[in-house]
Amino acid sequence: MRGRTLVLGFLVFVAILLAGLIWTQYFAYYERQKGVGTLAIAGAVVPVADYDGIDSASSPLKLRGCLEIDPARVARLAPPPAPQATPLNPPFWFRCFDAGRLTDDLASGAARAYDIGRDQPEGFDLMLAVYPDGRAYVWRQLNQRFAD
C-alpha cells in the first residue's frame, strides 16, 4: 500500500507541475489589447480600427496584432515592401493571427509586408502586413543584427 501512495503522490505532483508549465508558456506573460488606436508609419500617425492584439513585457517577440487600416494610406507612407517578413506563430488561443496563412499570402502577393519600425526596441523590427481589403497584421521580428 505504501508504494501505491508514493506513486500516486508523484503522479499528482507531475500533473500539477505540467499544468503550471503549460499555463506559464501559453498564458502567463501575455496581455490582451483591444480597441481603436494608431500606428506610426514614417513619422505619420495612421488610425487603425478593430485592433485585437497581444503583447508582453517579457519579450518584444510576443507582439501580435490584427487590425483594420487604410491600405492606400499605408502604401503612400510606408517604405518599400519588406521581402524578409516572417510572421511568428502566436499562442493557440489567439485565433485572429494565422502565421501560416499570412506567410503563404505574403509569398503569393495577396498581402504586402512593410518594415514600419526599425530597432523598436533595439534588435527588433516592427512589421505590418496589409491586404487590399484593409485587413492588416502587426508583429515584431529579429532584425539582421540579431538574426544570426
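Begin by selecting Leu-18, Leu-21, Ile-22, Trp-23, Tyr-26, Phe-27 and Phe-92, which make a nonpolar surface patch of about 720 Å²; such patches join nonpolar side chains (Val, Leu, Ile, Met, Phe, Trp, Tyr) within 5 Å, from residues with over 30% relative accessible area and no salt bridge, the areas coming from the Shrake-Rupley method with a 1.4 Å probe and a salt bridge being a side-chain nitrogen of Lys or Arg within 4 Å of a carboxyl oxygen of Asp or Glu. This is a predicted model, in which local features need pLDDT of at least 70 and side-chain atom pairs count only at pLDDT 80 or more. Residues are numbered from 1 along each chain, and side-chain values use heavy atoms, without hydrogens and water.

Phe-92 lies in the loop between α2 (71-77) and α3 (99-108), where helices (H or I, at least four residues) and strands (E, at least two) are DSSP runs.

Next, colour the open sheet of six strands, which has the order β1-β2-β3-β6-β5-β4 with antiparallel pairing, a pair needing at least two DSSP bridges. β1 (31-41) and β4 (112-117) stand at the edges, each with a single partner strand, so one side of each has no neighbour in the sheet.

Now select β2 (residues 44-55) and β3 (residues 64-68), which run antiparallel and are joined by four bridges; Gly-53 has Gly-65 in β3 as its bridge partner.

Finally, show Cys-66 and Cys-96, which form a disulfide with sulfur atoms 2.0 Å apart (the cut-off is within 2.5 Å). Cys-66 lies in strand β3 and Cys-96 in the loop between α2 and α3, so the pair ties together parts 30 residues apart in sequence.

How values were computed
Patches are made of residues with over 30% relative accessible area and no salt bridge: like charges are joined within 9 Å, nonpolar side chains (Val, Leu, Ile, Met, Phe, Trp, Tyr) within 5 Å.
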